[in-house]
Amino acid sequence: MRIAIVEDELSQQTLLIRTLEQQLGREAAVHCQGFSDGLALQKVLRRESFDLVILDWSVPGMDGLELLRWLRVWKESSVPVLMISSRGAEDDVAEALNSGADDYITKPFRPLELRARVLRLLKRSKPASPDAPLSIGRWTLDPVGHLVHYREAAGAEPESYTLTSREFNLTMLLFSRLGQTVSRAHLLETAGYETEEAPSRTLDSHVYRLRKKLHLDARRGMILRTVYGQGYQLGLAEDEAS
C-alpha cells in the first residue's frame with residue numbers, strides 16, 4: 001500500500017505517517033512517502049504511482065488544490081485523493097470535492113476517522129475481499145489459486161493459467177489499474193521486492209514472462225505497454241489504434 005502525503009509542517013507530516021502506519025499496518029504493508037511542498041510531489045508523480053494521495057491545502061510551491069486539479073485534468077489520474085486541511089468552511093470543502101477530491105478531513109484529524117476514510121477510499125478500487133475474483137471483459141483473476149482465466153467467447157471453455165505469487169500480484173495490480181501507468185517501484189513493491197535491492201532487469205523479466213504466458217496482445221484485446229521512464233500500463237487494444 002503506497003501513500004503519498006503533502007504536509008509542510010514536519011510535526012504534522014510525521015504524525016500523519018505514524019498514524020497511518022499504525023492504523024493500517026494490520027491490514028497490509030504500508031509505505032508512506034512525505035513531501036513538504038506540492039511541486040516536489042508533482043515531480044515524483046510524473047514517474048511514480050501510488051494507491052492514495054493525501055493533500056494538505058496550504059503548502060508552498062504548489063498548493064494542494066492546484067496539485068489536485070493537475071492530477072485530475074492534466075494527468076487524468078483517478079488515484080484516490082484525500083484532502084486534509086484546517087480550512088473547514090463549507091465553500092472550501094465544496095471547492096475541493098468539486099475539483100476532484102474523493103474525501104475531505106479538517107484538522108486536527110482523529111486517528112480512527114482517518115483510518116476509516118482511508119480504508120474506504122482504498123477499497124473502492126479493490127475486490128470486496130482479498131480472495132474475491134476480479135473480472136474484466138473476457139478475463140477473470142482468481143486470487144485463491146493464483147489463476148488467470150481467459151474466455152475466448154461467451155459459453156466457451158476458459159483457458160486457465162497458473163501464475164507464481166509474484167506474477168499474480170503484478171497481474172492483479174495491472175488489471176485493477178487498467179489504462180493507468182503503474183510505476184516500476186510500485187510494481188516491484190507489489191511483487192515483494194525491496195526496490196533498492198532489486199536488480200534493474202528483475203521487473204522487465206517478470207513483465208516479459210507475463211506477456212508470453214497470458215498472450216497479452218491485440219488478438220486478446222489487452223496490451224501490456226512499456227511507458228518509457230515510468231513503468232508499465234495494461235490497456236485495451238483498441239486504445240492503441242486510436
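The legends below describe close-up views of a predicted model.

**View 1. Helix α1 and its surroundings.**
Helix α1 covers residues 10-24, 15 residues in total. From its first C-alpha to its last it reaches 21 Å, close to the 21 Å expected at 1.5 Å a residue. Gln13, Leu16, Ile17, Thr19, Leu20, Gln23 and Leu24 are buried in α1. Viewed down the axis of α1, these buried residues fall within an arc of 165°, so they line one face of the helix. Leu10, Ser11 and Gln22 are exposed, on the face of α1 turned away from its buried side. The elements covering the buried residues of α1 include the strands β1 (2-6), β2 (31-35), β3 (52-56) and β4 (81-85), together with helix α5 (111-124).

Buried in α5 are Leu114, Arg115, Val118, Leu119, Leu121 and Leu122. Down the axis of α5, its buried residues fall within an arc of 165°, and therefore they line one face of the helix. Leu112, Lys123 and Arg124 are exposed on the other side of α5. Among the elements that cover the buried residues of α5 are helix α1 and the strands β3, β4 and β5 (103-106).

**View 2. The contact of helices α6 and α8.**
Two packed helices are described by the angle between their axes and the distance between the axes. The axes of α6 (residues 165-176) and α8 (residues 202-214) come within 11 Å and cross at roughly 80°. Because angles of 65 to 115 degrees count as roughly perpendicular, α6 is roughly perpendicular to α8. From α6, the residues Arg166, Glu167, Leu170 and Thr171 meet Leu203, His206, Arg209, Leu210, Lys213 and Leu214 of α8. The residues of this contact of α6 with α8 comprise 4 nonpolar, 2 polar and 4 charged.

**View 3. Pro80 in its loop.**
Pro80 lies in the loop between α3 (64-74) and β4. Its relative accessible area is 11%, so Pro80 is buried. Not counting residues up to four places away in sequence, Pro80 touches Asp51, Leu52, Val53, Arg72, Asp102 and Leu121. Between Pro80 and Phe109 there are 18 Å in space, C-alpha to C-alpha, and the two are 29 residues apart in sequence.

**View 4. The cis peptide bond at Pro108.**
The peptide bond from Lys107 to Pro108 is cis, with omega near -5°. Pro108 belongs to the loop between β5 and α5.

**View 5. His146 and Leu147.**
His146 is located in the loop between β7 (139-142) and β8. Although His146 is not a glycine, it has a positive phi of about 55°. With 25% relative accessibility, His146 counts as partly exposed. Leu147 lies in strand β8 (residues 147-150), and at a relative accessible area of 21% Leu147 is partly exposed. Apart from neighbours within four places in sequence, Leu147 is in contact with Thr140, Leu141, Asp142, Tyr161, Thr162 and Phe168. Leu147 and Pro133, 14 residues apart in sequence, are 9.6 Å apart in space, C-alpha to C-alpha.

The loop between α8 and β11 (222-227) contains His215. The phi of His215 is near 55°, a positive value in a residue other than glycine. His215 counts as partly exposed, at 35% relative accessibility.

Technical notes. Residues numbered from 1 in each chain as written. Predicted model: local features only at pLDDT ≥ 70, side-chain atom pairs only at ≥ 80, totals over all residues. Heavy atoms only, no water. Axes fitted to C-alpha atoms, helices over the stretch in contact; angles between N-to-C directions. Helix = DSSP H or I, 4+ residues; strand = E, 2+ residues; numbered from the N terminus. Parallel < 35°, antiparallel > 145°, perpendicular 65-115°, else oblique. Contact = heavy atoms within 4.5 Å. Nonpolar A, V, L, I, M, F, W, Y, C, P; charged D, E, K, R; others polar. Expected span 1.5 Å × (residues − 1). Buried < 20%, exposed > 50% of the residue type's maximum accessible area, 1.4 Å probe, protein only. Arc of directions from axis to C-beta.
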